[in-house]
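Visitor: I'd like a close look at one part of this model, please. Could you take me through it slowly, and then show me how it fits with its surroundings?

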Amino acid sequence: MNAFPIDDQLIFLIDRLNAAINVCHEAPEIEDQGYAYATGYARSAMTDTADDLSDIVKKIREELV
């Protein structure tokens with residue numbers, strides 16, 4: 001992810017979170033998915049996004065030093 005400019009990285013993270021939001025809205029209506037699927041998908045998206053944001057902050061701090 002570090003090969004892209006920070007603004008592109010942030011847009012990617014926003015898109016990932018929006019996809020998770022859509023799954024949370026749609027999955028309960030889909031018979032073979034439901035709340036368990038939405039929970040797992042959202043948890044994964046939030047965990048990965050938090051990790052990526054931490055990496056971005058670390059990179060920014062390193063560049064400021």
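How many aromatic pairs does the structure hold?

Guide: The structure holds 1 aromatic pair. Before we zoom in, please keep in mind that this is a predicted model, in which local features need a pLDDT of at least 70 and side-chain atom pairs count only at pLDDT 80 or more, while totals for chains, interfaces and linings use all residues. Residues are numbered from 1 along each chain as its sequence is written, and side-chain values use heavy atoms, with hydrogens and water left out.

Now to the pair itself. Rings of Phe, Tyr and Trp (its six-membered ring) count as a pair if their centres lie within 6.5 Å; planes under 30 degrees apart are called stacked, over 60 edge-to-face, and the rest tilted. The partners here are Tyr-37 and Tyr-41, with ring centres 6.1 Å apart and planes at 40°, so the pair is tilted. Both tyrosines lie in helix α2 (residues 34-64), 4 residues apart, which is about one turn of the helix. Helices (H or I, at least four residues) and strands (E, at least two) are DSSP runs, numbered from the N terminus.

Leaving aside neighbours within four places in sequence, Ala-42 is in contact (heavy atoms within 4.5 Å) with Ala-20 and Cys-24. Ala-42 and Asn-22, 20 residues apart in sequence, have C-alpha atoms 9.6 Å apart in space.

Further on in helix α2 comes Thr-49, buried at 4% relative accessibility. Setting aside residues up to four places away in sequence, Thr-49 touches Leu-13, Arg-16 and Leu-17. Asp-52 has its place in helix α2 as well, and at 15% relative accessibility Asp-52 counts as buried. The C-alpha atoms of Asp-52 and His-25, 27 residues apart along the chain, are separated by 24 Å.

Put together, the buried residues of α2 are Gly-34, Ala-38, Ala-42, Ala-45, Thr-49, Asp-52 and Ile-56, and they pack against α1. Helix α2 has 31 residues, which should span 45 Å at 1.5 Å a residue, and its end C-alpha atoms are 45 Å apart, in agreement. The expected span is 1.5 Å times one less than the number of residues.

Buried in α1 are Gln-9, Leu-13, Arg-16, Ala-20 and Val-23. Down the axis of α1, its buried residues fall within an arc of 80°, so they line one face of the helix; the arc is that of the directions from the helix axis to the C-beta atoms. The cover over these buried residues includes α2.

Stepping back, the chain has 2 helices and 0 strands. Its radius of gyration is 15 Å, well over the 11 Å that the globule rule gives for 65 residues, so the chain is more spread out than a compact globule. That radius is taken over C-alpha atoms, and the rule is 2.2 Å times the number of residues to the power 0.38. The C-alpha atoms fill a box of roughly 50 × 15 × 15 Å along the principal axes. Of the 65 residues, 20% count as buried.

Technical notes. Buried < 20%, exposed > 50% of the residue type's maximum accessible area, 1.4 Å probe, protein only.
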